[in-house]
Amino acid sequence: MPCILHIETSTTICSVAVSEQGQLIFEKSSFEGPSHAALLGVFVEEALVLLKEMHRTPDAIAVSSGPGSYTGLRIGVSMAKGLCFGYGIPLIAIPTLEILASKAIRFIQGPEGSLYIPMLDARRMEVYAAIYDRDMQPVRETQADIVTVDTYTDFLTGHPVYFFGNGAAKCKEIIGSPAAFFIDQVDPLATDMIGLAEKAYHAGDFEDTAYFEPFYLKEFVATVAKNKILGNS
């Protein structure tokens, strides 16, 4: 079973974890604000010291691939790439919204038909969101949404729909459907990547380390502008 070092820096939280055989053996997170540049290297070094004491090296590096903060993702992906090149090991990229969805589903197993909508804040009433069912199957892929009272009407048809992530708070007063539920304090952490990274590792779902780039939230502006020009919003 693999030993995987996990890096999550897509939001203001800086988080590192190490798993072996699917079990957590190291975790360090800071909720103090966007201090990735100062803390990520320290957390990774602590993880590597532990692995050295165990006479182990990582078999792969998993990194949150966005959408998310430009600075946070750039720092996290740069560190992940450096480790992959240094150890000669593969890179695993886990979408941030998938990390959030898997965490929320573990928290709340809704009834059959439930939907889960992870959201990352962009600006004003704009979010990046995806939609999953309770089996983690995508119902709608990640896209840029401008949140209005009608944005998710087609999905609020009686079954519970759970909204969460740092973009969900802005929706509470807008989405008034009785089918809408909001889950607080669902943040992406490196520990939440373990199951997803293990699955990717065994499937051989690796990135081309040299050319991999994360999905930055700054791309939202261009996406929304294009949609407006094409009349899609």
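So, Y116 has Y162 in strand 9 as its bridge partner. Strand 6 (residues 115-123) and strand 9 (residues 161-164) run parallel, paired over four bridges; strands here are DSSP runs of E, at least two residues, helices are H or I runs of at least four, both numbered from the N terminus, and pairing takes at least two DSSP bridges.

Keep in mind that this is a predicted model, where local features need pLDDT of at least 70, side-chain atom pairs need 80 or more, and totals for chains, interfaces and linings use all residues. Numbering starts from 1 along each chain as its sequence is written, and side-chain values use heavy atoms, without hydrogens or water.

Back to the picture. The open sheet has five strands in the order 8-7-6-9-10, with mixed pairing. Strand 8 (138-146) and strand 10 (180-182) sit at the edges with a single partner strand each, so one side of each has no neighbour in the sheet.

Now, what about T96? That residue is in helix 3, residues 96-107. T96 counts as buried because its relative accessibility is 0%; buried is under 20%, exposed over 50%, partly exposed in between, using a 1.4 Å probe and protein chains only. Leaving out residues up to four places away in sequence, T96 touches, among others, E8, S10 and P67, where contact means heavy atoms within 4.5 Å.

And S10? You'll find S10 in the loop between strand 1 (3-8) and strand 2 (14-20). With 2% relative accessibility, S10 is buried too.
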